[in-house]
Amino acid sequence: MKGRALSDRYEIQAELGRGGMGVVYRAHDPILDRDVAIKVLTKSSLSGHQAEDRFRREARLVARMDHPHIVPVHDFGDHDDSFFFVMPYLSGRTLRQVLDDGKASLGHLLEIAAQIADALAYSHSQGVVHRDVKPANVMVLDARSGEPHVRVMDFGIAAAESDLRLTQPGEIVGTFVYGSPEQLSDDEVGPASDLYSLGAMLYEMIAGHVPFDGKLARIVLRVLTERPTPLSELVDEVDPSLEALVASCLEKDVAERPADAAQIGATLRDVRTRLAPAVRDRPADAVERAAPRSAADTTSPTEPAFVGREAIKERLLGHLAAAHEGSARLVLVAGEAGIGKTRLLQSFAAGVADDARVLRGR
């Protein structure tokens, strides 16, 4: 595409990056004499006309949004059997780069998170759920005041890409360490899912690592079944209300999470004003942090640190019922040693022994 116009208007200058279904280019709009960023997505990756129609509806919704902490969409169209979004070209760093650098203070990071909450509160009021809130989708721009200025990217675009994530091994780990339990199950994904993702980013800002890590199967299982290690066990001098906020964002039950993003933003700003300067202004890489625990670390011989068994058993029963109706099913239960797989399956098998033949092999 380099060297020729996109849709007879935009002059492509350079490729900025690839990921998921799309490619991002830096381009120039000669009519308005401004640089822009263009994300191009293939129609074939949207899995049919229904997904394509939904994508168009999302694009129109996003194009109408107007908020200082959201990257706006200037244009949307078709080109060479692809969709493209046109957005302003922003000079700054992603939140992923900021976190990797480790120089930002806790106060700085809390303001970044509060501005992300502002963006989500607005988008949710407009009926738009992001579905992929993560550090790579947040731009942090330098402001003359010394305060960060945040722009959240890929509203609507992330919604379209969500259908493809499970078929993109290179993308899923980076996405689902911030993904909500309902995104990994058949439950409806709503605004509370974005709040969980914001909570996962807050956890990383404070602890230096995400709530759950490891290989793909382990991440999925831990997001669905485990509680993260309390922040106060990982970092000294954690404000109790901040710890409580992050824990509530990461609740498995949607009803237990904060009421909305605006509440999160208000709490974050309140915490920031109350922090002692020595804590608020200390660079993140100077904070003493404990290493993340593995699944085995949070397990005891008498009672594994494993929540949500009943919900998982209900899902297994649903698969069994479908099998009884003639729909063949293969369900794999995976996870770290000691997490409770055997106990779960023994309990499930005991409950269905009268309705199904249970075979055990070694």
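Is Ser123 buried or exposed? At 0% relative accessibility, Ser123 counts as buried. Buried means under 20% relative accessible area, exposed means over 50%, and partly exposed lies in between (1.4 Å probe, protein chains only).

## About the model

This is a predicted model, in which local features need pLDDT of at least 70, side-chain atom pairs count only at pLDDT 80 or more, and totals for chains, interfaces and linings use all residues. Residues are numbered from 1 along each chain as its sequence is written, and side-chain values use heavy atoms, with hydrogens and water left out.

## Overall picture

The protein has 12 helices and 9 strands. Helices (H or I, at least four residues) and strands (E, at least two) are DSSP runs, numbered from the N terminus. Of the 362 residues, 48% count as buried.

Contact means heavy atoms within 4.5 Å. Take the contacts with a separation of 6 or more: residues 24 or more positions apart account for 66% of them.

## Ser123 and its surroundings

Ser123 lies in helix α3. Which residues does Ser123 touch, leaving aside its neighbours within four places in sequence? They are Met65, Ile70, Val128 and Phe155.

## Helices α3 and α9

Helix α3 covers residues 106–125, and helix α9 covers residues 261–274. They pack at an angle of about 160 degrees, with their axes 8 Å apart. Axes are lines fitted to C-alpha atoms, for helices over the stretch in contact, and angles run from 0 to 180 degrees between N-to-C directions. The two helices are therefore roughly antiparallel. Angles over 145 degrees count as roughly antiparallel, under 35 as roughly parallel, 65 to 115 as roughly perpendicular, and the rest as oblique.

α3 passes α9 in a left-handed crossing. The residues in contact include Leu110, Ala114 and Ala117 of α3 and Ile264, Leu268 and Val271 of α9. By class, this contact has 11 nonpolar, 4 polar and 4 charged residues. Ala, Val, Leu, Ile, Met, Phe, Trp, Tyr, Cys and Pro count as nonpolar; Asp, Glu, Lys and Arg count as charged; the others, Gly among them, count as polar. A crossing is left-handed if the near helix is turned anticlockwise from the far one by less than a right angle, and right-handed if clockwise.

## Helix α8

Helix α8 spans residues 240–249. Its buried residues include Leu242, Leu245 and Cys249. What covers the buried residues of α8 includes α3, α6 (191–207) and α9.

α8 and α9 pack at about 155 degrees, with their axes 10 Å apart. They are therefore roughly antiparallel. Their crossing is left-handed. Ser241, Leu242, Leu245 and Cys249 of α8 meet Ile264, Thr267, Leu268, Val271 and Arg274 of α9. This contact has 6 nonpolar, 2 polar and 1 charged residues.

## Aromatic pairs

Rings of Phe, Tyr and Trp (its six-membered ring) pair if their centres lie within 6.5 Å; planes under 30 degrees apart count as stacked, over 60 as edge-to-face and the rest as tilted. By this rule there are 2 aromatic pairs. The rings of Tyr10 and Phe84 have centres 6.4 Å apart and planes at 70 degrees, so this pair is edge-to-face. Tyr10 sits in strand β2 (residues 10–19) and Phe84 in strand β6 (residues 82–88), 74 residues apart. Both Tyr10 and Phe84 are buried.

The rings of Phe76 and Phe85 have centres 5.2 Å apart and planes at 50 degrees, so this pair is tilted. Phe76 is partly exposed at 23% relative accessibility, while Phe85 is buried at 0%.
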